[in-house]
Amino acid sequence: MRVGLGVKVSLGVIGVSLIFAVLKMSQLLDKAKNYVAEKVTNMPKPEASVTDVDFKRVSRDSVEYLAKVSVSNPYSTPIPICEIKYSLKSAGKEIASGTIPDPGSLKASDTTMLDVPVKVPHSILLSLAKDIGADWDIDYQLDLGLVIDLPVIGNFTIPLSQKGEIKLPTLSDMFA
């Protein structure tokens, strides 16, 4: 019987030692996660801003506007852009949205200018007649999501939002 008790005690000591080892490993992993999270948070990241939104052209089914986006890359290597998502709103309604897949890369240690074409169907512009009024423009909000592929971190979205006024095309724009 002593042997049986001795075996139980040994297994009990091994079990307790194993539990302490697992707890220490868990604490070590938590410390490593916190360290990495702190370093990633303090890492410089690309920054972007919308520099302009302006009329580009009229086609037979839509009006095309062009948003210009300036993106600075703090890294010494180019960064691939996975996609650009956009949503153009006016009078509280979404009037255009879309995705531009694989628009290129950000230049290394430099600023890259990106063109984001936004097509608004004529039928939607007609529904905004109240907002157009006498000044022949629409108030807008442009929301962009610039999805880039950062090494080690993975896909990272830079959110942008800009409000302003866009001039509508005149008759001379349509025949130019």
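Reply: Lysine 56 is partly exposed, since its relative accessible area is 36%. On this scale, buried means under 20% relative accessible area, exposed means over 50%, and partly exposed is what falls in between (1.4 Å probe, protein chains only). Before we go on, a word on the source: this is a predicted model, where local features need pLDDT of at least 70, side-chain atom pairs count only at pLDDT 80 or more, and totals for chains, interfaces and linings use all residues. Residues are numbered from 1 along each chain as its sequence is written, and side-chain values use heavy atoms, with hydrogens and water left out.

Back to lysine 56. Its side chain meets that of glutamate 64 in a salt bridge, at 3.5 Å from N to O. The rule for a salt bridge is a side-chain nitrogen of Lys or Arg within 4 Å of a carboxyl oxygen of Asp or Glu. Glutamate 64 also has a salt bridge with arginine 57, where the closest N and O atoms are 3.4 Å apart. Put together, Lys56, Arg57 and Glu64 are linked in a network of salt bridges. Arginine 57 is partly exposed at 42% relative accessibility, while glutamate 64 counts as buried because its relative accessibility is 7%.

Now look at what surrounds this trio. Strand 1 covers residues 47–58 and strand 2 covers residues 62–72. Helices (H or I, at least four residues) and strands (E, at least two) are DSSP runs, numbered from the N terminus. Strands 1 and 2 form a hairpin, with three residues between them. They pair in the antiparallel sense over ten bridges; for two strands to count as paired, DSSP has to find at least two bridges between them.

Phenylalanine 55 sits in strand 1 and tyrosine 65 in strand 2, ten residues apart. Phenylalanine 55 is partly exposed at 21% relative accessible area, whereas tyrosine 65 is buried at 1%. As background, side chains in a regular strand alternate between the two faces of the sheet.

Valine 71 leads us on to threonine 112, which touches Val69, Ser70, Val71, Ser105, Leu106 and Lys107, leaving aside residues up to four places away in sequence. A contact here means heavy atoms within 4.5 Å. Threonine 112 is in strand 5, residues 111–121, and counts as buried because its relative accessibility is 6%. A polar atom of its side chain lies 2.9 Å from the backbone nitrogen of lysine 107.

Back to charged pairs: by the salt-bridge rule, the count comes to five. One of them joins lysine 89 and aspartate 143, with the closest N and O atoms 3.2 Å apart. Lysine 89 lies in strand 3 (residues 79–90) and aspartate 143 in strand 6 (residues 137–150), so this pair ties together parts that are 54 residues apart in sequence. Lysine 89 is partly exposed at 30% relative accessible area, and aspartate 143 is buried at 19%. Strand 6 also holds aspartate 137, which counts as buried because its relative accessibility is 3%. Aspartate 137 and glycine 164 are 27 residues apart in sequence, and their C-alpha atoms are 9.9 Å apart in space.

Finally, zoom out to the whole chain. It has four helices and seven strands, and along the sequence they follow the pattern α-β-β-β-β-β-α-α-β-β-α. Buried residues make up 29% of its 176 residues. Of the contacts between residues at least 6 apart in sequence, 66% join residues at least 24 apart.

Conventions: Polar contact = N/O pair within 3.5 Å; in protein donor to acceptor, adjacent residues only side chain to side chain.
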